[in-house]
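Student: I have a structure open and I'd like to learn how to read it. Could we go through it together?

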Amino acid sequence: MPRPLGELEDAVMTRVWQWNRPVTVREVLEDLQQERSIAYTTVMTVMDNLHQKGWVRREAEGRAYRYTAVSTRAAYSAALMNEAWSTSDNPAAALVAFFGMMSAEQREALRDAVRVVQYDDESATEAPAEPPAEPRTEPPAEVSAPPEAEGESAGPPTQPER
């Protein structure tokens with residue numbers, strides 16, 4: 001289970017996840033400076049810490065590094081939710097309470113996610129010899145498959161790159 005990211009780590013990772021491309025300390029710094037006063041060395045240290053923790057990988061480019069996320073924001077969020085749920089003394093009650101906090105839009109997203117997982121489970125079983133009588137609908141396009149289906153991990157690797 002990943003530890004929750006600190007405030008500045010989250011701000012940096014949010015940019016890395018949103019931009020979805022290799023980024024430099026300078027790029028992150030310039031974007032962060034639109035919101036707060038922050039030093040280059042602070043951002044460099046945070047990105048190095050994220051690398052040491054296994055959240056980003058880096059490749060040298062001249063005298064600088066380009067950093068890339070190891071997993072997605074969705075995988076990170078899922079790991080946090082799973083940890084909170086699995087450590088509950090009453091997981092079913094925790095789920096009921098969690099669902100009760102959700103907005104209508106969040107409950108609809110949950111329904112879509114369950115349909116995706118059910119679709120994946122059905123497609124993993126042996127395919128029927130003949131097509132089903134009724135046409136099968138694909139899961140909603142705006143819902144992506146769970147991270148495991150895309151070959152992503154739910155958190156940082158256990159051994160960070162060095």
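Tutor: Let's start with a term: a residue is buried when its relative accessible area is under 20%, exposed when that area is over 50%, and partly exposed in between (1.4 Å probe, protein chains only). Before we use it, note that this is a predicted model, where local features need pLDDT of at least 70, side-chain atom pairs count only at pLDDT 80 or more, and totals for chains, interfaces and linings use all residues. Residues are numbered from 1 along each chain as its sequence is written, and side-chain values use heavy atoms, with hydrogens and water left out.

Student: Which residues of α4 are buried?

Tutor: Helices (H or I, at least four residues) and strands (E, at least two) are DSSP runs, numbered from the N terminus. In α4 the buried residues are Ala-75, Tyr-76 and Ala-79. They sit on the same side of α4, because they cover an arc of only 105 degrees around the axis; the arc is that of the directions from the helix axis to the C-beta atoms. Here's the general idea: an α-helix has 3.6 residues a turn, so residues three or four places apart point the same way.

Student: What covers the buried residues of α4?

Tutor: The cover includes α1, residues 7-19.

Student: What is the span of α4 from its first C-alpha to its last?

Tutor: The expected span of a helix is 1.5 Å times one less than its number of residues. Helix α4, residues 73-86, has 14 residues and reaches 20 Å, close to the 20 Å expected.

Student: Now the core. Which residues have the most contacts inside the largest nonpolar core?

Tutor: In soluble globular proteins, nonpolar side chains tend to be buried together. A nonpolar core is a set of buried Ala, Val, Leu, Ile, Met, Phe, Trp, Tyr and Cys residues joined through side-chain atoms within 4.5 Å. The largest one here has 21 residues, and Val-12, Met-13, Val-43, Met-47 and Leu-50 have the most contacts inside it. At least two residues of this core come from each of α1, α2 (25-32), α3 (40-53) and β2. The largest share, 5 residues, is supplied by α1.

Student: What does Leu-50 touch?

Tutor: Contact means heavy atoms within 4.5 Å. Leaving out residues up to four places away in sequence, Leu-50 touches Leu-5, Glu-9, Val-12, Met-13, Trp-55 and Val-56.

Student: And the strands: how many bridges join β1 to β2?

Tutor: Two strands pair if DSSP finds at least two bridges between them. Strands β1 (residues 56-61) and β2 (residues 64-69) run antiparallel and are joined by 6 bridges. Among them, Arg-58 is partnered with Tyr-67 in β2, and Glu-59 with Arg-66. The hairpin has 2 residues between the strands, and Gly-62 takes a positive phi near 70 degrees there.

Student: How many salt bridges does a search of the whole structure find?

Tutor: Side chains of opposite charge can pair when their charged atoms come close. A salt bridge is a side-chain nitrogen of Lys or Arg within 4 Å of a carboxyl oxygen of Asp or Glu. The search finds 11. One of them joins Asp-48 and Arg-58 at 2.7 Å, N to O. That pair links distant parts of the chain, with Asp-48 in helix α3 and Arg-58 in strand β1, 10 residues apart.

Student: What are the relative accessibilities of Asp-48 and Arg-58?

Tutor: Asp-48 has 27% and counts as partly exposed. Arg-58 is partly exposed too, at 21%.
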